[in-house]
Amino acid sequence: MRQWIALSLLCMSVLLLPISASAACESPIKFGALTWESGQFTSGVLKYIAEEGYGCTVEEVPGAGPALDTALSQNDIQVIGEQWVGRSPIMEKAVEQNKVAIIGDTLKGGATQGWYVPDYVLEENPGLRSYQDLPKHAELFKDPEDPSKSRFMNCPSGWTCEIFNTRLLKTTGLDSTFNNAHPGTGAALDAEISSAFEQHKPLLFYYWQPTGLMAKYDFAPLAFPAHNDACWQDLLLADGAMDCVSGFPVSPLGIAVSTPFIESNPELADVFKKIQFTSDELNGAILEMSESKRSGDEQALVFLRENPNVWQAWLSDEAATNLAAKLGISLTGDAIDSTAVNNNSASDNQLGLASSFPSWSLETPLNNILASVVQNYGDVFRSISTMALTYLLLPIERLLTAIPPWLIIAFVTVLGWFGVRKVWFALACGAGLFLIGAFGLWGALIDTFALLIVSVLVTVVIGIPIGIAMAGSKLLRKIVTPILDVMQTMPSFVYLIPVLMLFGIGKVPALFATIIYALPPLIRLTTLGITQVNHEMVEAGRSFGSTHLQLLIWIKLPQALPSIMAGVNQAVMMSLSMVVLASMIGAPGLGEDVLQSIQTLNIGQGLQAGTAIVIVAIIIDRITQAFGQGKRARQKTIDASRHSIG
């Protein structure tokens with residue numbers, strides 16, 4: 001009897017198996033979540049074909065480029081929707097080891113890259129046509145951080161293009177005229193380019209296509225010699241020895257898949273090999289994504305609906321029919337089944353194309369306001385940026401650079417002993433700074449110190465007066481407190497793009513971002529310290545005829561000094577915590593090495609730079625805490641140190 005029951009259940013389970021069981025793939029397919037528009041769009045098309053055409057289950061795994069490449073080689077993910085062939089050493093090694101395969105040719109004619117200027121620059125300067133003409137027109141591209149030289153905007157830190165652009169600057173001899181500026185991230189580079197176009201300013205930069213900006217603005221490429229593969233392979237090496245100049249190769253775009261994926265999903269792999277877009281189709285899709293504020297999945301759905309004649313040839317007849325039914329379209333030109341349309345509306349809701357909520361988005365108005373401000377007042381903000389560089393950042397940076405390292409180490413060692421009054425801590429401070437220099441990070445440390453000093457000075461000059469004013473006015477506290485709440489809780493990335501657009505890439509936007517982040521705790525602790533001053537002491541001062549200014553200087557501020565110094569300590573530490581974020585918007589320093597290590601998966605470089613940041617943080621924290629103690633507490637520390645010595 002039990003055997004008959006088991007057999008009956010088995011037959012029922014076979015009959016009731018879901019459609020996905022007969023799909024082309026047996027297990028879920030994990031796609032790498034790409035961050036650029038063309039990759040998002042292509043991945044969206046692939047996912048929709050696999051899921052709706054072939055009944056597969058798909059997942060998306062986020063991660064940076066090198067991290068995704070490594071995950072693909074280990075089969076932790078199975079598909080990267082867009083791979084630039086020959087641009088990733090990790091991927092090339094995985095292909096050689098037969099762990100990964102690059103299949104298909106998703107962009108007809110391949111992707112192009114090069115050095116560009118805005119087209120209006122060529123129109124206004126007819127003599128500028130190739131890289132050889134750049135020295136004669138170097139004045140157009142002055143570096144605001146080093147007016148004696150011009151600036152070339154390289155690609156984001158850690159990318160392969162950063163290496164060959166740096167080598168090209170050297171082999172062309174342009175490194176004597178142009179500084180090699182590193183934007184840190186792709187978003188920072190895009191912001192700098194957009195700002196230049198909106199203000200009709202000259203800019204020399206590296207870029208590639210297909211991308212959103214390439215569809216939005218008119219880029220003019222500078223001419224280079226024909227591509228020489230032997231020369232190019234040497235240019236890809238940071239320590240290459242050849243002194244040659246080569247034009248940029250055209251990079252085929254393919255789909256990177258793990259070898260186990262091909263073995264277990266041969267039908268779907270064959271489909272991926274057939275997928276190809278023309279440059280007009282891909283650039284047009286990117287432009288629509290940008291203008292319509294669509295995600296890659298949403299734009300892929302729009303493309304599939306509007307271009308069945310393109311994708312029908314990629315798929316089998318059964319898969320094409322399944323996909324058309326899900327899209328609510330007909331491949332034969334017949335009337336659309338209302339049931340399919342209704343079912344498709346559910347897909348729209350799932351992908352976010354339709355919503356039951358009203359559209360109250362402020363995205364477009366805010367973007368228009370920012371563009372208007374950049375166009376009309378960009379020169380004003382750039383003047384502020386120039387002043388901050390000329391009179392604050394660069395003088396302190398030059399001063400720190402001119403001081404011998406041993407003198408800085410000795411000064412910090414003495415300062416550490418004077419503050420904490422412990423010999424072991426003073427020696428540890430000196431040893432820590434020496435270790436940073438031994439790591440080869442002394443120059444990065446000086447850049448970080450310069451940004452830190454200026455940001456803390458500006459924060460103190462702004463924060464303490466505001467805190468004093470808030471302590472004396474309840475109305476002002478009610479107004480400013482919500483603003484401080486927003487400054488502390490708003491993610492820094494939100495205001496980085498406006499700051500980049502207004503002040504340009506580099507140290508100045510990093511300075512403003514750091515000030516915004518570090519200002520609230522200083523204001524709050526200054527206000528708290530003054531409001532908690534003993535009321536009887538204030539009344540005693542008034543009884544002796546002290547004015548408000550005298551009460552503030554001689555009674556309130558001395559009594560509130562420990563709280564104010566605690567605020568300064570917090571401002572310093574929060575400023576230091578911004579060094580990595582500052583590197584993402586083009587500011588040099590210790591954070592730049594951390595960012596490069598993340599983008600290249602260089603664990604050793606990341607640990608060294610991270611250790612340097614920890615050393616600096618501990619030294620600054622302990623010293624500022626020691627000097628922030630009240631007189632009595634500090635005297636106890638000194639007496640205790642003397643007692644322990646005696």
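Let's start with Leu 427. Leu 427 is exposed, with a relative accessible area of 55%. Exposed means over 50% relative accessible area, buried means under 20%, and partly exposed is in between, with a 1.4 Å probe and protein chains only. Leu 427 sits in helix H19. Helices here are DSSP runs of H or I with at least four residues, strands are runs of E with at least two, and both are numbered from the N terminus.

A word on ground rules. This is a predicted model, so local features need pLDDT of at least 70 and side-chain atom pairs count only at pLDDT 80 or more, while totals for chains, interfaces and linings use all residues. Residues are numbered from 1 along each chain as its sequence is written, and side-chain values use heavy atoms, leaving out hydrogens and water.

Back to Leu 427. Together with Trp 417, Phe 418 and Val 423, Leu 427 makes a nonpolar surface patch of about 390 Å². Patch members have over 30% relative accessible area and no salt bridge; like charges are joined within 9 Å, and nonpolar side chains (Val, Leu, Ile, Met, Phe, Trp, Tyr) within 5 Å. Helix H18 (405–420) and helix H19 (423–438) each supply at least two residues of the patch.

What does UniProt list as "transmembrane region"? The unreviewed entry gives residues 399–418, 423–443, 449–472 and 493–520. Those positions are in the numbering used here, feature names are shortened, and annotations may be inferred rather than shown by experiment. Take two of the spans. Residues 449–472 are 96% helix and 0% strand, with end C-alpha atoms 34 Å apart. Residues 493–520 are 89% helix and 0% strand, and there the end C-alpha atoms lie 17 Å apart.

Now the whole chain. Its secondary structure comes to 29 helices and 11 strands. Of the 646 residues, 47% count as buried. The accessible surface is about 31800 Å², and 61% of that belongs to carbon and sulfur atoms. Areas come from the Shrake-Rupley method with a 1.4 Å probe; for residues, only the protein chains shown count as cover. Among contacts between residues at least 6 apart in sequence, 74% join residues at least 24 apart. Contact means heavy atoms within 4.5 Å.

Next, the inside. The largest nonpolar core has 164 residues. A core is a set of buried Ala, Val, Leu, Ile, Met, Phe, Trp, Tyr and Cys residues joined through side-chain atoms within 4.5 Å. Which residues touch the most other members? Trp 115, Leu 134, Tyr 207, Phe 219, Phe 272, Trp 311 and Leu 315. The largest share of this core, 13 residues, comes from helix H20 (residues 442–471). Apart from this core lies another, of 10 residues, including Leu 34, Met 91, Ala 94 and Val 100. Not counting residues up to four places away in sequence, Phe 219 touches Tyr 116, Val 117, Ile 193, Phe 197, Phe 205, Tyr 207, Leu 213 and Met 214.

On to salt bridges. The criterion is a side-chain nitrogen of Lys or Arg within 4 Å of a carboxyl oxygen of Asp or Glu. That gives 14 salt bridges. One of them joins Lys 47 and Asp 297, at 3.1 Å from N to O. Lys 47 lies in helix H2 (residues 37–53) and Asp 297 in helix H13 (residues 296–306), so this pair ties together parts 250 residues apart in sequence. Buried or exposed? Lys 47 is buried, at 9% relative accessible area, whereas Asp 297 is partly exposed at 28%. Lys 47, Glu 60 and Asp 297 are linked in a network of salt bridges.

Arg 151 and Glu 192 also pair, at 2.8 Å from N to O. Arg 151 is in strand E7 (residues 146–153) and Glu 192 in helix H7, 41 residues apart. Arg 151 counts as buried at 10% relative accessibility, and Glu 192 counts as buried at 4%.

Last, the backbone. Where is the cis peptide bond? From Gln 209 to Pro 210, with omega near 15°. Pro 210 is in the loop between strand E9 (205–209) and helix H8 (212–216). Asn 98 has a positive phi, near 60°, and lies in the loop between helix H4 (89–96) and strand E4 (100–103). Asn 98 counts as exposed, at 56% relative accessibility. His 200 has phi near 60° as well. Its loop runs between helix H7 (186–198) and E9. His 200 is partly exposed, at 45%.
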